[in-house]
Amino acid sequence: MPPALSRRWLPHLSLEAIKRWARRWWGRQSPSRQDRYVILGPLVSVLLFLTVISATFWFLRAEELTHEEEAVARAGEIAQQQVRLRLLDHQEQLIRLAREIATRDIGRGGFIEQARTLTGDRPEITLMQWLGPNGQVRLPFDPNPMVGEAQPEATIELLSATRKLPGPALPAHSPHYVDDEGRTVIRLVVPLLARGEFSGAVAAEIDVEMLLRRSVAEDQTRRNTLSIIDMDGNVVATTGASLVAGNPRAGRLHEVPLGSMAPGLLLRTQGWRTSSNLIGNTLFWMVVGLSALTVWMLLGSLQHLRRRNQMQATLVQETNFRRAMENSILTGMRAMDLEGRITYVNRAFCEMTGYTQQDLIGLAPPYPYWLPDRIDETMQFLQQELMGRTPSGGIEVKVQRKDGEIFDARMYVSPLVDHRGEQTGWMTSMTNITEAKRVRDQLTASHERFTTVLEGLDAAVSVVSMRSGELLFANRSYRVWFGSSPRGHLLLSEGSAPDVHAPLHEIGDPEDPMSGLPADSITEAVTDPREVAIEGLSKWFDVRLRYLQWTDGRLVQMIIATDITARRRAEEATAQQAEKAQVTSRLVTMGEMASSVAHELNQPLTAINNYCNGMVNRVREGAIGKDDLIAALEKTARQAERAGQIIHRIRAFVKRSEPQRQSADAREIIDDAVELANIDLRRRKVQLNTYLAQRLPVLYCDPILIEQVVLNLVKNAAEAIDLAEMPPARRRIELRVVPRLQDGPEPVVEFSITDTGPGMSEEVLSRIYEAFFSTKREGLGIGLSLCRSIIESHRGRLTAENLYNGGLVSGCRFVFTLPVDTTHRFEAAADADGPRRPEASTSS
């Protein structure tokens, strides 16, 4: 640091001066001009000095680079002239040789001798040829005897171009190419003119690399690297290795064309950097280092001033923040010394009591906000505070405002410690709890009312902790049935039925399917209700389970179990009655079809009687052979088998059995129902057409009940047609079974029975499913009601509608659906040749 600056700056580095400068420089006040000069003057001077030194060295370096570039350009131009002069000398020698050949001063021997002389003095000439007018080689000369006499296409093109030029023929140079030995050469062709006529040419191949080495002086190759490149930048010949960009020894580049004697080639000159970089000079770096050190010291001083200013600003900000926080909170703050004298109160404390800070600070007990009739009691509380015996939960007291209003408050006391760790007093926080007490009293009353309601419920309500298994709550019904143990809760939650009075460890811990999930997700989830049987109590319960957050934050499980034993017994009785109704309906159906069944059985029995009488008569007469007897017996057996099938089908239909759902084939159900229905249809002369889709899925149902539904619907349609005395053209029923896709998640199979009868009125359509409602004089009114119950018990739906032709009713359609057995794959119920043909059946 300069001495003058030290004498001027160091006396001012006292703590108070730093504070004053920090406030003036970084605070709200603007610094003086003198302070700015003291702080920024040295920094600006050092930076300016460093800038001047850097600019001087940069200017010197730029001059040096300019000189290097000019030297490289001069060397390149000199090398270009030397190469061009070398090529021009080759051209003049060939012109002289061509003139002597054209004037016949020399012959073949003279050509060989002069060619040997030229190639010996000029090793870059690798081949010389005496060519004819059409480009054929008349006499070659090759210093290398291994090379053949192949004529390149470039020579023929040059000869053609030379002959086409107007005026006297001139020498021509070909573009560079690679010969048989891999050398890059150019070809020089000089025409032969004998008395103004073109008689051939003299051609020579010149090695480009050898030409470069023989043309350029050795001192130039020591200072620079010379290269011949093509138009694409590829190196054709060079005197040394080229330096890539970024190499510290790489210098400037200079490129010039070689002209028409070497078309398409450029001469590149690359200089070698020989001088040292002035930037790396020791003196320069010493100046830079000293300048950097000075700047660093100045910046350190500025940073120190700035840090002290930041600390002061932080302290002021923290003080303001604490003051704003104390003024914004609703909790009253009061500070006392060890003798109980008030030293500080915040705004909230003043607003609570109605007194100002001037009224309270400096007061000793008793304080004006104490209740007059409770001064002794409050003084005891204050003594406990001063002795440090205040409970952690605080003290609940009553406070009187300045206007006489009294409110409830809770006070918390903590020791007030100074920077040396010594206690200097007590800090008291006061909170108005009047509203909190009112809410708490209301919550207590509400809890009592809620508990009274839960105790009066007929359902058992229990709450168990998921972690410890502790029974947290149980109402009266739960205690009556299960006692005060969580054993009954576990039974209801897991759905098993061990002994209620068994030890808890024998029941086991039920596996919770929601274990491991976040508490928020569990409490939002609602499980489906289920029915649980408790054998020890001989009761059924409808159990509803849910997870809750308990008052202390624990995850608990709540169960509400309703006694449904009476309902379950009623449902069982109803199911038994429904089963009896189904059997009764089948018996009634067979009873109504009794005459048709008798007629159906009369045909095979009459045929059997006739066959037997005929065989007896023919046996007595001896007019029957063995084959005829066997044929008659076989016909008799078939008629007996037919009668047996009819009886077996009727017996299987009316047989009483338990409902059994299983995988069933819709085709078999339809075949069995149609076989029974045809008995009544033939008697009523009604035709039944059936259509079943080619590929039907497997059903999950009770086949006997579904067969009963199909038979009842077909039989009702036939009765409606027969009672309406419809003409033969309208005595038809169509039965269709096809798969359908509905809005639900499962596919279904749709059954539809369509007749051409008179239809139904709107009143009948609205009441056809009512029990004991019938439009037939002798009907019981349970058929359609039972059909609907059967279909809905299979999770299907039965509907009915009239069909219209214009404005007239043309028939009626009943449609019901059945779910598909999703445990089986879709199987083809039809043959591979197509859908089943409609079946027609009429009575004889």
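## Charged pairs, rings and a covered strand

Student: With a relative accessibility of 11%, does D408 count as buried or exposed?

Tutor: This is a predicted model, in which local features need pLDDT of at least 70 and side-chain atom pairs count only at pLDDT 80 or more, while totals for chains, interfaces and linings use all residues. Residues are numbered from 1 along each chain as its sequence is written, and side-chain values use heavy atoms, with hydrogens and water left out. Buried means under 20% relative accessible area, exposed means over 50%, and partly exposed lies in between, with a 1.4 Å probe and protein chains only. Since its relative accessibility is 11%, D408 counts as buried.

Student: Which residue meets the side chain of D408 in a salt bridge at 3.7 Å, N to O?

Tutor: A salt bridge is a side-chain nitrogen of Lys or Arg within 4 Å of a carboxyl oxygen of Asp or Glu, and by this rule the count comes to 32. The pair in question has its N and O at 3.7 Å and joins D408 to K437. It links distant parts of the chain, 29 residues apart, with D408 in strand β14 (residues 406-417) and its partner in helix α12 (residues 434-456), where helices (H or I, at least four residues) and strands (E, at least two) are DSSP runs numbered from the N terminus.

Student: How are the rings of Y367 and Y369 arranged?

Tutor: Rings of Phe, Tyr and Trp (its six-membered ring) pair if their centres lie within 6.5 Å; planes under 30 degrees apart count as stacked, over 60 as edge-to-face and the rest as tilted. By this rule the count comes to 8 aromatic pairs. Y367 and Y369 have ring centres 5.6 Å apart and planes at 20°, so the pair is stacked.

Student: Over the ring of which residue does the charged end of R568 sit?

Tutor: A charge sits over a ring if NZ of Lys or CZ of Arg is within 6 Å of the ring centre and within 35 degrees of the ring normal. R138 lies in this way over the face of W130, at 5.0 Å from the ring centre. For R568, the charged end is 3.7 Å from the centre of the ring of W540.

Student: How many residues of strand β16 are buried?

Tutor: In a regular strand the side chains alternate between the two faces of the sheet. In β16 both faces are covered, with A460, S462 and V464 buried on one side and V461, V463 and S465 buried on the other. For the strand, which spans residues 460-465, the number buried is 6 of 6.

Student: In the hairpin of β16 and β17, which residue takes a positive phi?

Tutor: Two strands pair if DSSP finds at least two bridges between them. β16 pairs in the antiparallel sense with β20 (residues 555-563) over 6 bridges, and also in the antiparallel sense with β17 (residues 471-474) over 3 bridges. S462 has A474 as its bridge partner in β17. The hairpin has 5 residues between the strands, and the residue with a positive phi near 75° is G469.
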